[in-house]
Amino acid sequence: MVSSKPDLDVVVSAALAEDLGERNEDVTTSTVIDPGLMGEASVIARKPGVLSGSDAAARVFEMVGPTCKYVAIVPDGTRLGAGAEVAKITGPLSSILIGERTALNFLQRMSGIATLTRKYADALAPFPKVTLLDTRKTTPGLRFLERAAVRAGGGHNHRDGLWDAILIKDNHVAAAGSVSEAVRRARKSGMPIEVEVETLEQLREALESKAEIVLLDNMSTDLMREAVEITAGRAKLEASGGMTLEGAVQAARAGVDRISVGALTHSAPALDLSVEVTRTWR
């Protein structure tokens with residue numbers, strides 16, 4: 001099966017081109033900074049969090065011209081305290097300044113996702129049988145980086161995209177006429193089948209159709225408990241829909257096997273990081 005993962009160089013190149021524009025120039029740096037001036041800078045965490053995005057940040061400084069050296073001090077997945085040094089950058093000062101914002105955009109976005117994911121993972125730690133999952137609610141073109149950020153924060157990935165897993169949702173059910181008919185048609189894929197249900201009646205239909213995973217969409221905690229009792233281990237149950245931190249814990253207590261949280265990628269606040277020049281020389 002062919003992967004849909006974009007090439008990191010393509011993504012980084014597009015991000016740099018977006019910042020440098022048609023002139024391919026940082027006009028401020030080119031007019032103010034001596035091209036012969038060398039520099040060293042540190043990437044610093046201003047707030048506590050979990051690091052992610054280091055590969056993309058490093059590639060930014062490798063692709064600016066002239067190139068810089070980015071050395072990670074701690075790996076992705078590291079819990080950071082306020083003031084922690086994340087990486088050192090050395091090279092022409094002009095290149096450090098050109099790449100600074102693009103690198104930080106990757107680091108702050110991905111570290112924000114990793115940080116939020118870690119909060120959920122920590123809250124679900126008392127329920128070791130529950131798997132925390134992301135969703136396809138990702139930034140177009142950046143899914144592979146955001147999925148890596150979820151993993152760095154202690155979460156797991158649901159599916160790469162539309163191509164690598166069967167997930168029958170409400171519109172599929174409506175078009176097919178019923179849950180059982182949608183499952184029957186999906187069997188020709190040869191893949192395990194997950195089907196979204198909104199009621200206990202649909203759950204029973206999915207179980208009779210032998211769906212391997214049933215997604216409980218926006219169900220109350222009480223309904224999820226009933227669903228767990230009805231299912232009795234015949235399928236994996238996944239809770240989804242508006243999963244706040246408290247809601248995820250309640251779903252875990254109800255006995256589901258999986259919890260998918262769109263907020264991990266669509267609502268994670270950026271982690272506050274900065275690039276600080278520490279010395280220059282000629």
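Author: In this predicted model, helix α4, residues 93–123, packs against helix α5, residues 143–152, with the two axes 7 Å apart and at an angle of about 40°. Because an angle of that size falls in neither the roughly parallel range, under 35 degrees, nor the roughly perpendicular one, 65 to 115, α4 counts as oblique to α5. The crossing of these two helices is right-handed. On the α4 side the residues that meet α5 are F106, R109, M110, I113, A114, T117 and R118, and on the α5 side their counterparts are L145, E146, A149, V150 and A152. Sorted by class, this contact has eight nonpolar residues, one polar residue and three charged ones.

A268 itself lies in the loop between α11, residues 263–266, and β12, residues 273–281. Its relative accessibility is 10%, and because buried means under 20%, A268 counts as buried. Although A268 and L116 are 152 residues apart in sequence, their C-alpha atoms are 6.1 Å apart in space.

Turning to the strands, β5, residues 85–92, runs antiparallel to β1, residues 38–45, and seven bridges join the two; within this pairing, S42 has K88 in β5 as its bridge partner. Strand β3, residues 69–72, also pairs with β5 in the antiparallel sense, over four bridges, and here Y70 stands opposite I89 in β5.

Definitions and conventions. Residues are numbered from 1 along each chain as its sequence is written. This is a predicted model: local features need pLDDT of at least 70, side-chain atom pairs count only at pLDDT 80 or more; totals for chains, interfaces and linings use all residues. Side-chain values use heavy atoms; hydrogens and water are left out. Two strands pair if DSSP finds at least two bridges between them. Buried means under 20% relative accessible area, exposed over 50%, partly exposed in between (1.4 Å probe, protein chains only). Axes are lines fitted to C-alpha atoms, for helices over the stretch in contact, and angles run from 0 to 180 degrees between N-to-C directions. Angles under 35 degrees count as roughly parallel, over 145 as roughly antiparallel, 65 to 115 as roughly perpendicular and the rest as oblique. A crossing is left-handed if the near helix is turned anticlockwise from the far one by less than a right angle, and right-handed if clockwise. Contact means heavy atoms within 4.5 Å. Ala, Val, Leu, Ile, Met, Phe, Trp, Tyr, Cys and Pro count as nonpolar, Asp, Glu, Lys and Arg as charged, and the others, Gly among them, as polar.
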